Amino acid sequence: MIVMLRIVKVSVKLKCEPIMTDRYSRQILFSEIGEAGQKKLKNSFIVIIGCGALGTIMATSLVRAGVGKVRIIDRDFIEYHNLQRQVLFNEDDIKSELPKAIAAERHLRKVNSSIDIEGIVADVNITNIERFISGADIILDGLDNFETRFLINDVALKHNIPWIYGGAIASTGMTMVILPHKTACLYCLIGGLPAKGMVETCDTVGVISPAPFIIGSLQTAEALKILIGAHNINRDLITVDAWKGTFDRFEIKPVRNCPACHGEYKFLEGKFEIKVSSLCGQNAVQILNPGQGQISFKELEKRLKPLGKVSFNEFMLHFSVEKYEMVIFPDGRAIVKNINDVSLARGLYSKYIGM
Ligand SMILES: [Zn+2]
């Protein structure tokens, strides 16, 4: 009788316990994490903004790693050209016309049902970002534009939340950890929005999957370290060229008169906000870009020529792509024709002109 009871007890134990010990066993064996680190991951809350190639890599890795709460925010739907590198999505998601945030949430729930996963379909901007990041232990950058990255930089510094910048294009990428008031910030690194019309994007020069896979993985490793309270956080800017197989690192010092590091949150206050408005009765949307300098039409023409019809004179550049027509002015202002959806127009500007 006693023997029987013992057997029952053991079998119950085996049924209940595999969740922590088996699922994460290889990660717990890694001495830098261990049982204590695993518990910290379970009690952590991360926010991933942007769910393209970088976002899907970080989301799948950190959900598998057992981070307790994961919020993923993205404004886009999935298209066929995303499948080459955005590892969470498949052809069924496209047929079902699912937004990226929702498809990511559904797939990740099947990967790890023991954690809290929330997909939010939204354009992150000054009106909602503080609500989205409230209570987060870390913010992860999976974005494709600098305007929103600077917004993350401002809220992260304001609310003292670490964030990890990441970007990948063609065969290259870069990443840097930003620990508020301890390391250099994004403003220290690049000093405000890049020059207008000079930001290359995946839609103009392409991208191969190894570049975002490496950068997303480096971001994931630093996120794990920050969440478990490791002391060896990497503070350098790391750059990678996956095609050449090269890595470089650069020490970035905080800039003494950086406004963001001194509590002046220009992006969060809307001083550099890209203003997008529908032009009444014209089936067109106007975009005002506050980035630095004037656009070089010659450079822009070179980049856009393989993608559509381009022509320019000294006053404006015309670019036709898909069913849309864009007119771009030297100060970065643009009018996108045959469109009423301001969010879509903003997406086209971000893709082809860069922001
Ligand atoms: Zn700074």
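This is a predicted model: local features need pLDDT of at least 70, side-chain atom pairs count only at pLDDT 80 or more; totals for chains, interfaces and linings use all residues.

Reader: Which loop holds Glu97, and is Glu97 buried or exposed?

Author: Glu97 also has a positive phi, near 50°, although it is not a glycine. Its loop runs between α6 (91–95) and α7 (100–111). The relative accessibility of Glu97 is 60%, and therefore this residue counts as exposed.

Reader: Which residues coordinate the zinc ion?

Author: The donor atoms are SG atoms of cysteines, at 2.2 to 2.3 Å from the zinc ion. Along the sequence the donor residues follow the spacing C-x2-C-x69-C-x2-C. The residues are Cys185, Cys188, Cys258 and Cys261.

Reader: What is the arrangement of the four donor atoms around the zinc ion?

Author: Four donors count as tetrahedral if all angles lie between 85 and 135 degrees. Around the zinc ion the four donor atoms subtend angles of 105 to 115°. The arrangement is therefore tetrahedral.

Reader: How many disulfides does the structure hold?

Author: A disulfide would require a pair of cysteine sulfur atoms within 2.5 Å. For this structure the number of disulfides is zero.

Reader: How many cavities of 30 Å³ or more does the structure hold, and what is the volume of the largest cavity?

Author: The structure holds two cavities of 30 Å³ or more. The second largest cavity contains about 50 Å³ of space. The largest cavity contains about 90 Å³.

Reader: Which helix gives the largest share of the lining of the largest cavity?

Author: The lining of the largest cavity includes Arg75, Asp123, Glu147, Thr148, Leu151 and Phe267. By class, this lining divides into five nonpolar, two polar and five charged residues. The largest share is three residues, and they come from helix α9 (residues 146–159).

Reader: How many charged residues are in the lining of the second largest cavity?

Author: Among the residues lining the second largest cavity are Leu193, Lys196, Gly197, Asn289 and Met355. Six residues of this lining are nonpolar and four are polar. The number of charged residues is one.

Reader: What is the volume of the second largest pocket?

Author: The lining of the second largest pocket includes Asn160, Pro162, Lys182, His231 and Arg235. Its residues divide into six nonpolar, three polar and two charged. The volume of this pocket is about 200 Å³.

Reader: What distance separates the C-alpha atoms of Asn43 and Ile238?

Author: Asn43 is found in the loop between α4 (34–42) and β1 (45–49). With a relative accessible area of 64%, Asn43 is exposed. Asn43 and Ile238 are 195 residues apart along the chain, and their C-alpha atoms are separated by 29 Å.

Reader: Which strand holds Val240, and what distance separates the C-alpha atoms of Val240 and Lys158?

Author: Val240 belongs to strand β7 (residues 237–241). At 5% relative accessibility, Val240 counts as buried. Val240 and Lys158 are 82 residues apart along the chain, and the distance between their C-alpha atoms is 30 Å.

Reader: How far apart in space are Glu35 and Tyr24?

Author: Glu35 is found in helix α4. At 46% relative accessibility, Glu35 counts as partly exposed. Glu35 and Tyr24 are 11 residues apart in sequence, and their C-alpha to C-alpha distance is 9.4 Å.

Definitions and conventions: Residues are numbered from 1 along each chain as its sequence is written. Side-chain values use heavy atoms; hydrogens and water are left out. Donors are N, O and S atoms within 2.8 Å of the metal (3.2 Å for Na, K and Ca); water is not among the atoms, so sites may look incomplete. Four donors count as tetrahedral if all angles lie between 85 and 135 degrees; four count as square planar and six as octahedral if opposite donors are over 155 degrees apart and all others between 65 and 115; anything else is irregular. On a 1 Å grid over the protein atoms alone, a cavity is a set of points where a 1.4 Å probe fits but cannot get out, and a pocket is an open set with protein on both sides within 12 Å along at least five of seven lines; lining residues have an atom within 4 Å of a point. Grid points are joined across faces, edges and corners, and a volume is the space filled by probe spheres set on the points. Ala, Val, Leu, Ile, Met, Phe, Trp, Tyr, Cys and Pro count as nonpolar, Asp, Glu, Lys and Arg as charged, and the others, Gly among them, as polar. Helices (H or I, at least four residues) and strands (E, at least two) are DSSP runs, numbered from the N terminus. Buried means under 20% relative accessible area, exposed over 50%, partly exposed in between (1.4 Å probe, protein chains only).
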